[in-house]
Amino acid sequence: MSTNTTPTPWTNPLRDPQDKRLPRIAGPSGMVIFGVTGDLARRKLLPAIYDLANRGLLPPGFSLVGYGRRKWSKSDFEKYVREAAEAGARTEFRENVWERLAEGMEFVSGNFDDDAAFDNLADTLKNLDKTRGTAGNWAFYLSIPPDSFAAVCHQLERSGMAESSEEAWRRVIIEKPFGHDLESAHELNRLVNGVFPESSVFRIDHYLGKETVQNILALRFANQLFEPLWNSNYVDHVQITMAEDIGLGGRAGYYDGIGAARDVIQNHLIQLLALVAMEEPISFTPEQLQAEKIKILSATKPRYPLAETTARGQYSAGWQGSEYVQGLREEEGFNPESTTETFAACTLEITSRRWAGVPFYLRTGKRLGRRVTEIAVVFKDAPHQPFTDDMTASLGQNAIVIRVQPDEGVIIRFGSKVPGSAMEVRDVNMDFSYSESFTEESPEAYERLILDALLDESSLFPTNKEVELSWRILDPILESWESSQPEEYPAGTWGPKSADDMLSRNGHTWRRP
Ligand code: BG6
């Protein structure tokens, strides 16, 4: 129990606990971050924790413990977190919120194989349980390379920190990459599940924390309008694009040897595919949602022959807008001989009545024309066209486009008569935009996911089964690429020619988002 006697947000009598519109507030708890000095923690995790505190969604005694090699004092750590929060937080920086958060911060210095340092960490947590009322409830955030998971999990087990009890929970939050292929993912899951039961493991796929991604379920299942058309009778193909304009700047160490398919397709894009293609779950409990995702992923496989249905590329120097940027091989820290791809595309298909014969095209890349993530469900042509060819020369295929980012929203693209005395039909967009329709601001994905992990709400976290199924889909593609070189594409373009060929063979073209 909390020793803090001031009213806490989670006992605030002015909040109606039945009001489902209010975000739930985490109960007494704390978090330990491994890899706290890394890029992800500094840019995303620490600002998200500050934002949650600022929104009153963390318990007042919330405690944050950093673990790392640096010989930092509590005040060094506080200073570092403060800088990260000031630079990256979404909400206003408020001294009173900061002071309360900072009171519960500690830093423990040590390596991952250092028994004494982990014993020191265990003592620190016990102490915080007493002084801050964290009640023994701790989440361990592993923002570290997967080859260090074994050492940290072993230490957490050895020092007794991994074990939940009737009174207190222990959870582990894991960052991708979850392995390198199916075999290594399986091994990693075995290792983590050997220490933490699956119900205490929260694997982060930050795309699932995005509002627009969660809206896929609302769009499909809360409306009558779309679902009757959402099948192979009407849908011609689906394009899922995650394009970035940035290069690898500073991330060479992580990215070299991983590449675009492992970095983005295995997790974010295959999860988007699952949400777009799955059947309606009988309820939105984590178990039901995960059951439907597992079903659809089990039915998903690459289309063959892979030489024609996949594409990979590496960016070379080029114009990104008005800036001339270097190619990958010239970037600092990158091995100039590297064959790691910065662009990957593949064609998947789903063996089910709903999706028989419908290609799902997935693509992702760095240094592309612009930053955009979208899902385009492209419809077949009308079965009969009463207009002549010259009247419909500018008519494309109807499409529903879910814009994940930026300009979050949904576009419906269809043909409309051009004003004038002639009958000419041209494509137009009907556009729903979040920023115009709602005044509420979307929380950052990491805010939502960290809060959900503290609340034991696991709907938005992929299970071990989902992760392994995604690798099963991707493995044959990765193997087929082993003996080939990625094709070059100039920075600022939309990827290699082979990606265009991949679609044109089926009479399709990529949307220019
Ligand atoms: C990460 C990838 O998962 O997602 C990065 O590792 C990528 O390579 C990032 O840049 C993109 O995330 P977002 O939310 O900016 O689309």
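His206 is partly exposed, with a relative accessible area of 22%, where partly exposed denotes a value between the limits for buried (under 20% relative accessible area) and exposed (over 50%), computed with a 1.4 Å probe and protein chains only. His206 sits in the loop between strand 6 (201-203) and helix 7; helices (H or I, at least four residues) and strands (E, at least two) are DSSP runs, numbered from the N terminus. The structure is a predicted model, in which local features need pLDDT of at least 70 and side-chain atom pairs count only at pLDDT 80 or more, while totals for chains, interfaces and linings use all residues. Residues are numbered from 1 along each chain as its sequence is written, and side-chain values use heavy atoms, with hydrogens and water left out.

In an unreviewed UniProt entry, His206 is listed under "binding site" together with Lys210, Glu244, Asp263 and Lys366. UniProt positions are given in the numbering used here, feature names are shortened, and annotations may be inferred rather than shown by experiment. A further "binding site" annotation of the unreviewed entry covers Arg69 and Lys176. Arg69 is located in the loop between strand 2 (63-68) and helix 2, and this residue is exposed, with a relative accessible area of 66%. The unreviewed entry also assigns residues 32-215 to "domain: Glucose-6-phosphate dehydrogenase NAD-binding". This span is 47% helix and 15% strand, and its end C-alpha atoms lie 31 Å apart.

The residues around the ligand are Lys176, His206, Tyr207, Lys210, Met242, Glu244, Arg251, Asp263, His268, Lys366, Arg371 and Gln405, a residue being counted as near a molecule or strand if one of its heavy atoms lies within 4 Å of it. Sorted by class, this shell holds 7 charged, 3 polar and 2 nonpolar residues. In this scheme Asp, Glu, Lys and Arg count as charged, Ala, Val, Leu, Ile, Met, Phe, Trp, Tyr, Cys and Pro as nonpolar, and the others, Gly among them, as polar.

For Glu244, an N or O atom of the side chain is 2.5 Å from a ligand oxygen atom. A polar side-chain atom of Lys210 lies 2.6 Å from an oxygen atom of the ligand, and for His268 the corresponding distance is 2.7 Å. The ligand taken alone exposes 400 Å², and the protein buries 83% of that; accessible areas come from the Shrake-Rupley method with a 1.4 Å probe, and for residues only the protein chains shown count as cover.

A search of the whole structure finds 33 salt bridges, each defined as a side-chain nitrogen of Lys or Arg within 4 Å of a carboxyl oxygen of Asp or Glu. One of these salt bridges joins the side chains of Glu86 and Arg82 (3.3 Å, N to O). Both residues belong to helix 2 (residues 74-88), where Glu86 and Arg82 are 4 residues apart, about one turn of the helix. Glu86 is partly exposed at 44% relative accessible area, and Arg82 is partly exposed at 24%.

The side chains of Arg203 and Glu198 likewise form a salt bridge (2.9 Å, N to O). Here Arg203 counts as buried at 1% relative accessibility, whereas Glu198 is partly exposed, with a relative accessible area of 26%. A further salt bridge links Arg448 and Asp452 (3.1 Å, N to O). Because Arg448 and Asp452 are 4 residues apart in helix 13 (residues 445-455), about one helical turn separates them. Arg448 is partly exposed at 29%, while Asp452 counts as buried at 5% relative accessibility.

Ser316 is part of strand 9 (residues 310-316) and counts as buried at 17% relative accessibility. From C-alpha to C-alpha, Ser316 and Ala116 are 48 Å apart in space, and they are 200 residues apart in sequence. Ser232 occupies the loop between helix 7 (211-221) and strand 7 (235-243). With a relative accessibility of 14%, Ser232 counts as buried. Ser232 and Glu447 are 215 residues apart in sequence, with 37 Å between their C-alpha atoms.

Terms used. Polar contact = N/O pair within 3.5 Å; in protein donor to acceptor, adjacent residues only side chain to side chain.
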